[in-house]
Amino acid sequence: MKWNAATVCLAIGAATFLFTGMKDHAQSLPVGHATDFTSNQYFEPPNERLVKMRLSGAEAMPLPGGLLDIRHLQVETFALDGKTQVIVSAPQCNYSPFDGVANSAGHMELQSGDGKIDVRGEGFLWRQTSSSLTISNHVRTLINMPGVTMAGL
Amino acid sequence: MKHIFFLMMLGFSCLLSAQTNAPVAPPATAPVAKESTKTKPPTEIDSDSADFDLNAHQAVYRNHVVVTDPKVRLTCEWMLVTLPQGGEHLSHVLAATNVVVDFTNAQGEKYHVTAAQAVYDYKVVNTVTNETVTFTGNPVVDTTNSTIYSEPMVWDRGRNHFVFTEPKMISKDTGTNGPAQKLF
């Protein structure tokens, strides 16, 4: 399926409204369907122009209770210098925009910005406000750093 | 009995004499082959579940934790890792509950360490690297030739040896099954 620029803009606009306006407009939740969306969370002042976290997905479908069914979720967190700290991705998850919680029983992956730490697992709970991630099953972490000998442990 | 004790003392003194680094003030030490710091395959951590605090850069691994390294294997039930950032060295790991560490030194000697808790710390102070693993909670190191009890037991990786406190050792060469003998 191909999308023209106008469609993509509309979708992004709808998604942006979906993710940024919900807390203040909880009674006017859109019930539409969004594709290729991105939502940014910014640092507190005086760094309010810098992106702290970016949540994106290929598709978002509304679920009962204000939840969203997101396909191909990707969450990126950034440092104040703009460097990517962590990238979290999942083929599917349910996201609650009201409290910033995403969860899924399916596969997920986490990678550090420098690519040296890679985490995979099954089933997760992501809390946006505290930047915490719980992986509930089959967690595998790979730490790849030249010179680091985990022989210490 | 005196003969057994003499053999044990002899064996332990051999360990001490093989040490190539100047002792600081440890009651007893035993050498461990130093590892190279060249590029190596990734370290793998497996567990049933895990919690990541991305603000604090910490990970807590729970249940059936297994750390697999080309030279070391660690198992425990709970492990806190301070995640390195920007290519930094791994600085702090706390492993707890049924900690088991197995490794083989450069001479092919196998070490099997058990303890309730192990703490790995890596610090560089005034260009001096301090890299230690401190075992507590009835730590025991089992080697090819002996079994050594010490509380605590510190694996000083910077100086490349074990540091024991009031160690008790059973030499396997004697073939004795008797109780541990206090050496100091």
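Reader: In chain B, what share of the contacts with a separation of 6 or more comes from residues 24 or more positions apart?

Author: The share is 40%. Keep in mind that this is a predicted model.

Reader: What makes up chain B, in helices and strands?

Author: Chain B has one helix and 14 strands. Of its 184 residues, 43% are buried. Its accessible surface comes to about 9,200 Å², and 55% of that belongs to carbon and sulfur atoms.

Reader: Which residues does B:Tyr122 contact, leaving aside neighbours within four places in sequence?

Author: The partners are B:His89, B:Leu90, B:Ser91, B:Thr129, B:Asn130 and B:Glu131. B:Tyr122 itself lies in strand S7 of chain B, residues 110–125. Take B:Ser91, which is 31 residues away along the chain. The two C-alpha atoms are separated by 4.6 Å.

Reader: How do you know that S1(A) and S2(A) are paired?

Author: Pairing takes at least two bridges. Eight bridges join S1(A), residues 34–42, to S2(A), residues 51–62. Eight meets the cut-off, so the strands count as paired. They run antiparallel. For example, A:Thr35 has A:Glu59 in S2(A) as its bridge partner.

Reader: What joins S2(A) to S3(A)?

Author: Eight bridges again, in an antiparallel arrangement. S3(A) covers residues 68–78. Here A:Leu55 stands opposite A:Val75. The hairpin of S2(A) and S3(A) has five residues between the strands. In that hairpin, A:Gly65 takes a positive phi near 85°.

Reader: Why is the pair A:Arg71 and A:Asp69 called a salt bridge?

Author: The rule asks for a Lys or Arg side-chain nitrogen within 4 Å of an Asp or Glu carboxyl oxygen. The closest N and O atoms of A:Arg71 and A:Asp69 are 2.9 Å apart. That is within the limit, so the name applies.

Reader: Which of these two is buried, and which is partly exposed?

Author: Buried means under 20% relative accessible area. A:Asp69 has 9%, so A:Asp69 is buried. A:Arg71 has 32%, so A:Arg71 is partly exposed.

Reader: What links A:Glu109, A:Asp118 and A:Arg120?

Author: A network of salt bridges links the three. Within it, the closest N and O atoms of A:Asp118 and A:Arg120 are 2.9 Å apart. A:Asp118 is buried at 13%. A:Arg120 is partly exposed at 38%.

Reader: What makes A:Arg140 and B:Glu44 a salt bridge?

Author: Their closest N and O atoms are 3.2 Å apart. The limit is 4 Å, so the pair qualifies. This pair crosses between chains, from S7 of chain A to S2 of chain B. A:Arg140 counts as partly exposed, at 41%.

Reader: How many salt bridges does the structure hold over all chains?

Author: Seven.

Reader: Why is A:Gln128 called buried?

Author: The relative accessibility of A:Gln128 is 14%. The cut-off is under 20%, so A:Gln128 counts as buried. A:Gln128 sits in the loop between S6 and S7 of chain A. Beyond residues up to four places away, A:Gln128 touches A:Gln41, A:Met53, A:Leu55, A:Tyr95 and A:Gly100.

How values were computed:
Residues numbered from 1 in each chain as written. Chains lettered and ligands numbered in written order. Predicted model: local features only at pLDDT ≥ 70, side-chain atom pairs only at ≥ 80, totals over all residues. Heavy atoms only, no water. Helix = DSSP H or I, 4+ residues; strand = E, 2+ residues; numbered from the N terminus. Contact = heavy atoms within 4.5 Å. Buried < 20%, exposed > 50% of the residue type's maximum accessible area, 1.4 Å probe, protein only. Areas by Shrake-Rupley, 256 points an atom, 1.4 Å probe, with all protein chains shown as cover.
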